[in-house]
Each structure stands twice: as structure tokens, then as C-alpha cells.
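Me: Please take me through this structure with care, and tell me each time what a term rests on.

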Amino acid sequence: MSAQAKKKTGREGKEAFKAEDVLQAVIIADSFNERFKPLTLQQPRALLPLANCPAIAYTLEFLADVGVHEILIFCRVHADKIRAYIDAHPKWGKKGRRHRSVVVQVIVSEDCYSMGDALREIDAKNLIRGDFILVQGDLVANVDLQPALAAHRGRRSTDKNSVMTVVVRHVAPRHPARCLEDQIILTVDSTNQRVLHFQKDVSHKRTRFPVNVLEERDAVEIRNDLLDCHISICSTLVPPLFSDNFDYLTRDDFVRGILINEEILGNTIHYHVLESGYTARISNLHMYDLVSRDIISRWVFPFCPDLGFPDGSAYNYKRHHVYVPRRVVLARGAELEENVLLGRDCVIGNNTKIRNSVIGDNCKIGDNCVIDGSYLWDNCEIGSKVRIESGVLASGCRVGDESQLERGCVLSYNVHIGSGQQLRGGVRLIGEEDNQILVEKPEDQDMDTETGLDNFETLPEDYGSDQKLWSFQLKPDGDNDEDESEKTGPDFNQVSWNWWIPPALELAYSPEEESDSDEEECEDFTDAPALGVHHAVGNAWQFYLEIFDSLMGVTNEDVNPENAVLEINSSKHAYGISMSDVNKLVLRAVLEIPELRGKTSKKEFSSSNEVHNEVTNIVKKVLPVFRNYYRNAESQLDALFSLEDCLVNYIDMTKHQPYGAHLADSAMKLFHFLYEQDILGEEVILKWYRQASNKHVEQFLPFFLHESSSPTSPSRRRHQSGDLTDEDVQSLIKKIDALKKKVEKFVVWLMEAEEEDDSDQNEE
Amino acid sequence: MMAFDKVEELQAVVLAAGASSPLEELISTPKSLLSVGRYPLIYYPLKWLQNNGFRRVLLVVSESTHQEISVAVSATSEIDIEIDYVTVPDDDDFGTADSIRTLHNKQKLHSDLLIIPCDIICDLNLQDVANVFRIHDASLAAVYHKTMSNENVIPGTKTKKQHDREIIGLEPVSNRLILSTSEADIDEYLEIRRYLLTRYPRISLRASLEDCHIYLLKKWVLDYLLADPNIGTVRSELIPKLIKKQHQSRSIDFELSNGRFAPSEQGHHADTDHLNRIAAEDNLDVLAREMSFFTDHNGDMEDPYFGNSIRCFAYVAPDESTCLRVKSVASFCEVNRQASKILQQLHPAKPGETKQTLSQIYTSANVHGKALVGQDSLIGEMTKIGEKVSVKRSVIGRNCTIGERSKITMSVIMDDVVIGEGCHIQGSIICSQAHIKLNAELKDCLVGQGYEVSEGSKFANDTLTDEDRLIEI
């Protein structure tokens, strides 16, 4: 190494030392969104108890662990509470600071509406001296950031334009920690850890990647296996860059903006992949639920309640992840089944069962309660025989005896519920104090409109309470219909609101993935038997209803049959139904029309003749439609199978009685009539007759087979997977044979006629 | 033919019926007989197959070139491999897939196929490629190699460089071929379906790889070719279709083959349906896979390969290997420049033999003692090289005469070329029977068959052909 180079590295080493000297971290202790409302009306999200310990304590402890020397906590709403918490804290407070050399500073800015504003404020106040770690106040992590920091510094020493290192964790795409809101897809250059494209959009079925990233390089990687840790290692350039561009509201905006302007400004973003460790943000109630469970099941080691992290409370750790503090009263028969964290001075009544739950300090739970998957904060009082499933009860809530809280209830501070109440799932209730806050704080409302999240409303409720209650809910969708057309994917507000339902990743991908894989082929050929089956059946049902409507129009309102054909054909394309299915469904619809007409006119069919007449009348009306569809032998065969399907299945369905029975009785007449009208050719009928009955079953439309059960029940869908039991098939075959018997006479006649024809021809 | 007791695992098919040649403007020789180094182009794939242990090869040739090719091949003493010629019509529309169908009709095919073009020059170990094919019980294994760099000047009239790199998406660990598209087909954005990203959370997009047109195909693909007569070519129709169709899951196949949605009259669907049914795997294979712990991915509970019965994989040739297709003037020059090196690799020195077998200069060639012939040049039989001639990085064919004091660098000179005294030829291709007269200077030029370059003329970046003659053709 030349002397010059040596000198250079020496100097850089010094610089690195300087930068390392004071490692700063910025905690944005405001989420700037309302996922937790109404729980955040009285407390900032950072102070919400997570496993009986304020969320921000985890963040602070994590940062101290990483080796941060100075932590800046940036807060807006409830800043006083955060400041009070920090000041009074034995470790971080002014009087505290026992073992550590960590300085915690609370910065308050009332007029910040985004993370971008916060960083601009930080820039204005000139608080940043070197590289810093940017996190949010609801981060729970135990990862080792040293390699990421070292990589960042290494890059900074050679490339001053590397402004930010985004820390990500390698996880599988369906990992539970990947909250639907936080799905990221990075396009990266894996040779130098550069992020080339940042995508955070799950709403589309197809994801688009710019090809221009391949212009300068030969290979890029698209990664969907990364979990955004929400930890960003930023250089000193980041706050000024935020100041330069007021469009940057969040870190994601920033990353996107930097990448778009990469060519102009030359700034680059890098990523660092962690292969182990835990990181998650309690970005919504679902994540709150998930992270709480993870803490209890010790994924976030060393942040386990019994180890005194992060808050120094003492618990005894028992098997099945049960944590019990010393002073607690457990009545005889009280059962802490698994994954339970009890607060201090709790009183649990007789025969009460608790599982997968966190109970705060000073809670009193009566006898014979069941509490599952729920979070009770401090000072809650629960009566006897109460059942709470997946609920969040903020501090000071009271629930009277024998009340039931269905899944997903959220009770805000000091909400009292009377006895014997039944709370419907997903309801969020607020008490007087919260309502006061909502009413008194119009400026808060302003902010809401600005961030476009002013979509809550309150309605008075009762629930046998000794005080006034309001339910707090998302405004119905109609209010923001303007951007509805643009939204194709899941609505995050809605998703996070329904927090107790496991995250609907499926919503974004799977159900139609199979049909998807074929979509390209089917774009031009919409009649698609190759479409995914679920898809096809759902569609076919919808399509059937449309056919039904069209044909009803022809029979009842004398609509021109040609128009009906047009309608059917166009919806055929819209629903992607194959021609053969159309043929089957048309006939089916015609056969069901008399039945519906009979119902509407309260007419009872008393004889098979009556039914037959009715059917023939209708067929005569829709004859042009039939002629259009049943032109060749193949389509006629479809019709015949459908007819058979209908007759066979109709028979024992109570709801079709007596129409179905009469129809089946008049089967031969119907065959004859259709033959006479040239709808069914004789070869077709003979072919059908000669074919083995078990082959027929395969031709039946799957979704009619289980029609006897309710249309929404899963059993109807079950059939699609082809798992018609052998018994089902056997009974069907028997019925088909019976039907064949019924029309035997007619068929024999046909055969004779055919023979005569043949012999005639022979004579000629 | 019956001499083999065992059915071969792979049958090699060399497709040499293609009409287009990179030098078709200059010389009428069929592509497979263009001379590279000192052999016709067809020699290279055959030799490669021979080196990799093939004893038999199916060679598809067009009717018009059959004679010519078989003569040329049998003249090459080093090819010791049974060649089964199959002729196909000289029709431009008769694609490579049609050739494969012809092979089937003649009942030549009975196992999995290795399809290679006639213009490939490579030294890969075929074993490695076959292993990719075997490990995953793949339907298709395609060989990719790093695209040749375009640093060298291409002789002839300058044309605009086209931007048509192929973009392929690979799963980085298994090299599963997830998608393939061409840069020209994408406007600004590449669209990837969401579920593909879920299945393959890491997709490595490569733009620097070139399809070498070497394919290993399962036998059932043949059935598919027979079922769908619309597929004309292997490369541009069959392979993309396989790659696209592989992501369909088996449940649909099952459903379809169950006859619930019987193929309707639309031929199109019958076709989709067909592919799935044809690709259906052996029940025992499926059972074995279901019972084993093997999976090709992690992070979910899906079946290995997500239940896909069609699986396409890529074999990415190591950078240091040679794998070049002679498809353009540029690659023609490049292989000739590398000819002596490539020949060395194709002829591993056997014990007891000296490198003499690979002498650059045939003994029958007459090289003047004071001529300079560089180590990386090849001189053909009966060629006369005059005094003080310098030949560097060039290939000179048979029966050429090179006059005194001429300088030849980075060039390809075909057979029967006469070069006068004092010529300077650099970076050019001179086709057979051309005559370059005294003191001519050619730089980066293409000289057509039988063309005469007049005395003392100078050309650069030009294509010199006898246009009248071309029109006659």
C-alpha cells in the first residue's frame, strides 16, 4: 500500500471514529395515522401497553442495545405524556441514567403532520451530527444492527451519495409478520446492495417493474421475501433532502423520490438484509395482537416479561408461556391455560379460563369467565360469566356479569358495560371522556381531514351502561367514493379495522391465482373451461341468473328473443363461460321459469299435464333462442344432458315440489315435444340413450348437484373439487336409469322410425 | 441401429435445415457448411456430441443441401459418429417444430430429446446440463450463455445496433426459468403476476444471457407438438409456451382431465387442456415425490414445484466456457478469431499424441520461410503464402495464394482466394474465389464470393459484392 493511500485510510478511520463517537437515533413517536383510534384518544400509540409495558420502552431498549448514544424522541399529540413518561423513567429520565450513557431528548412540535415534517423540523433545528437511525415509536426489535451500521459506514466512506440504508429482514412471502400494509417488493442490484426500485403496493394482481434498471446492468433481482423492518440508517443528508422536497411525507415517499431522481441528484439508497432476529411495528391492532403473542412466546428474546426487559417487572415464568407476578390472587379452579401474562395485583375468580391473553395490573375478573385472545389493560373489572374473545379493553373498563363480547370488540378508556349485554363483533365503544376529546378538539379533526383519514363517526349506544356510550366506527364507504374507482385492492382502513381476522393476504393473491395463470390465454377467448374452478362456478352462477332474467323477459314481457340471445352472448363473454355450459344453462333456465312463475302467482301445479302445458308454452316463446343455441348435434347433446340433470335432480328437492315431480313425470312428453320442435335431433336422443349412465354424471353442471343445500353453504362448493362421493354417483345413476325407463317408449318409437327410414333408403 | 441394447437416455437432434446464413449476401454456401477454423460449421456440434459420448445423431437437413452436407461431413475424418440424415422440404415455412414432427413420423424418436442447432460452437460439459434436467425431472432445460460482448468492430456496412436483449427471470437457487421475454416486447414496465412473486419471492432478472438454442426436452413435449399443429418453431413458439404454461397448477389439470369441463369446440382450449393432460406425470413419480421430504422451496406448505407438471429450468453456462452461435457476421468473425483455441478444446490431446494433430499450418501448405504466421492463426491446405507476409489472428482457407508483403490481421479468408502483393487486410471477411489485387487496402470489409477488388483500391466498413451475381441468385 502506498503511503498516500495509507494516509487516506487513516483519515477515514478517524472520521469513522468520529461518526461512531455519537450515534444518534430519531424516534418518531407519532404514527400520523388513526389505526388505533379510539384507543389513541387519550394515550399516544407509543405509550400503549404492549405486554404490560409501554411500546416505546421496547424501542428505547432496542436502540440502547444497538449502541445508540443519543435518542431524539419526536412527538406531537400527547407530547406531554411522553415527556412525563421519559422524565419519570428510572433509566432514561433526567434523574435516572443509572448505567447507561444514553441521552434521551424529547422534541415537541405541534404542527407536524407527517414524518417528513418531523425530519424537516429536525433539519431546521440542526440536531443531527452524524449518521443516525430512524425508527418509529412503536418498533419492537431485537436484531443486531452492527453489521448494517458497518456496511452503511463502509459505503459512506467511499460513496458520499449513499444517503440511506433500509434495513430489511429475510422472511417468506406469507410470513405472519408481513402486515398487509407493509408489503414491499424491492428491485435490487445484489452485487452492491443498491435498491433500484421500491414498491409498496399490493392492490394489483400484476406488479410492474421498470425495465430501465436493466439498462446499466445485466442482472437485477426482484425480491418479495423481505420484511420492511422500518429501521433506516440515514446519513446527515437525509434531513436536508426532506427539507428540499415538501412532497416527502413518509420514509417510503422519500425512498421512492430518491430513486426517481437518482439520475439527477445521484443519491442512492441501499438495503441491508438481516437473516435472523425479530422486528415488527405495531402498525395496527392486528400487529398489536401479533406482536403481543410473539413477546409472550419469547420470539423477541431478551424482551421477555420474566427477564425484566424492558421495564423491570418481575414475573414467574411457568410452562405453556404463562407469566404470573408475585402479588396476584388466583381463585380455586382459575385456569391460566397458555400464553397468558397477568399483571400485578390481579384477582381472578373461580373456574375462570384465560388463554392467549394479556391482563394488566389491578384487574379483577369474576368467576366462570372465559377470556381468549384478548388484551385487558390496567384496572379493568370483569364480572362473572363473562366471555371475551379477541377484544381490547383499555384501562378502567368494566363489564357486567354474563355479558358477552364477540370477536374484535374494542372498549376505550373507562367504558362500562352493563350486565347480560351482548356486544356484536368488531364494535368499538368510547366513553364520555373520549367523546369530550372528540368534540373539543376541532383542530385534531382538521388534521384528520388533511391526512385524508377523517372517516370515523360516532353513534350513541346503550349496552346497559351507567354512563353514556358511543360507538366509534368507520364511516360507510359511500363517503369517499371519489377515489373508490381507483382502489382495486384491499382497503387498509377496513383491513386494519377488522384486526381480529387474520390478515387477508389471500385477499391480495391467491383465490384466483389459478385462473390468473391462464388469463393471458383467455383474454381473447373468454369462454374458458380452463379458468380456475372456483372462479368458474361463481361466475357460472351469476351468469345463470342473468340468463334467467333475459329469458324471463322473453316469456313475461315479450322481449324480442333475438335481444335475449344478444344479452346472453355478451354476458357469456363477460363471465367467461364456455359454449357448452351456456347451452346447458339456457335449457336449465327455461325449465325453471314455470316454477318461479307458479310461485309468484301462488299457483300450485296439480298435474303433470298442467306442468307440461306450462313448459311447452314457454318453450314456444323462447323457441328462437333455442334454435340459435341448439344448432348442431353437440349443443343438442349439451341440452339433453342439462335436461336430464334437471329432471334427475329436481325430483327429490322439496322446494321444487310438486313442480319437479310433475315435470319428471311428463319427461317423455317433454322429449317428444322437443323432438317435434326440432330442438333435439333423433340421433342425439339415441346417442344419449345408449350412452352409459355413469358417463352422464360427468356432464352435469357441478353447482346444481348440491343445490338442495343453501346456495352459500360450502357444501355446494364442495362438489367442484370433484369429490362427489361414490354413493352420490350411484344414486344419480339409478335416477338416470329410471329416467331412461320413462322415456323408453319414445326412444323405441324413434328407433323404429329410424329403421323404417333406413329400410326406405335401402329400397330406393 | 439395433446394435444398442439399451434405449439412449437422450437422442441428439441437430437441426441443420435452416436456410438463413449470416453471410447470405456474400456467399451461397449453406449455413452449416460455412467454414469456421478449417472445418465446416456443422463439424462443431457433431464433434461436441461425439466428445460427450453420443454415438448416434439425427441430423435434419433440407432436401437441397442433403447431398452437399453429407459429402462435407464424410470428408471430415474426425467425425466418428453414426449420422442418421433426415431430409425435410426446402420450405421457408417449414419450421423447426415441423422438423421434429417429421422425425416422429419417420419413427426416429423414442426417448427424451437434445435439440441443438447446427451453428453452435461450444465446449460445455453436457453432463452438467443433463443433470439440471434430471434433478428436477424437468420438461425443459435450456442452455444460456453470457452474451458476446460487442466491443469488436463488425465488418461490413455499419448498421444500427438493435436493442433486443432477452430478459429472463430465474429462481436464483434452482435456476428455474420463471419467465422469458424480450426487451423489445416490453415498453417501460415488466409486468409480473402477483402470485408468481409469492411463489418465487426472489426472481433474478438477467439481461445478459443469451439462449444458446440447446434444449433438452421431455418426450411428452413431442406429443404436444403433434397435438398442436400451430406450433411452427421450437425456439420462438414452443419454448415460450412451455415457460408460460408451467405455472398452471395441477388441480386444474386434474379437473380438466376429469372431463368436468370437457373440451369445447374451441380448438384453443382443447389445446390448453391438451398440454396439461399430455404433461401429466407418471403416477408413481408423483407418488414418490409426495412421499418424500423433498421440496424445491420453503416458506409455505405447497407441494414441491407447486404441483406444476411442466417445469422449465435454465443451465447458465460458466463465463469461461465457450458457447457461441454463428448467427451474425459479428459472431462469425468472433468464432474465427477464437478458432484455434476452440479447436484445441475440442481435441483434447490424447496421450502419446503431440499437438501436431492440431498444427496451425497444414503440411501441404506452402509458407515462405520469411513469412510471419501468428500463433493464433490457421492456414489451410495447399495455400501458398509469399515472402514477408504477416498473418495475425486470422484464418486462411484452402488453395489460397497470398502475395508477397501482404499483411492480414483479424480477418477470415475463405478458400481459393487470391490476394495480390502488398495488400493490407484488416478485420475483414473475404469469401471464396475472391481476388484482391495488388496493394489493395481493406479495413472492416465484407468481400463477396468471386468479387474482384481492383488494384490499389481502399475500402473501409464496406460490403463489396457482385450485385449482378446476387440478383441472379
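Me: What share of the contacts in chain B with a separation of 6 or more is between residues 24 or more positions apart?
Reply: In this predicted model, where contact means heavy atoms within 4.5 Å, such residues account for 57% of those contacts in chain B.

Me: What makes helix H7 of chain A count as mostly covered?
Reply: Buried means under 20% relative accessible area, exposed over 50% and partly exposed in between, with a 1.4 Å probe and protein chains only; seven of the ten residues of H7(A), residues 251-260, are buried, among them Phe254(A), Val255(A) and Ile258(A). Helices (H or I, at least four residues) and strands (E, at least two) are DSSP runs, numbered from the N terminus.

Me: How many of the residues of chain B count as buried?
Reply: Of its 473 residues, 55% do.

Me: Why are strands E5 and E14 of chain B said to stand at the edges?
Reply: Two strands pair if DSSP finds at least two bridges between them, and the open sheet of chain B has the order E5-E4-E1-E6-E13-E8-E14, with mixed pairing. E5 (82-88) and E14 (312-316) of chain B each have a single partner strand, so one side of each is left without a neighbour in the sheet.

Me: How do you know that strands E6 and E13 of chain B are paired?
Reply: Three bridges join E6(B), residues 112-117, to E13(B), residues 209-217, and the two run antiparallel; Leu114(B) stands opposite Leu216(B) in E13(B).

Methods
Residues numbered from 1 in each chain as written. Chains lettered and ligands numbered in written order. Predicted model: local features only at pLDDT ≥ 70, side-chain atom pairs only at ≥ 80, totals over all residues. Heavy atoms only, no water.
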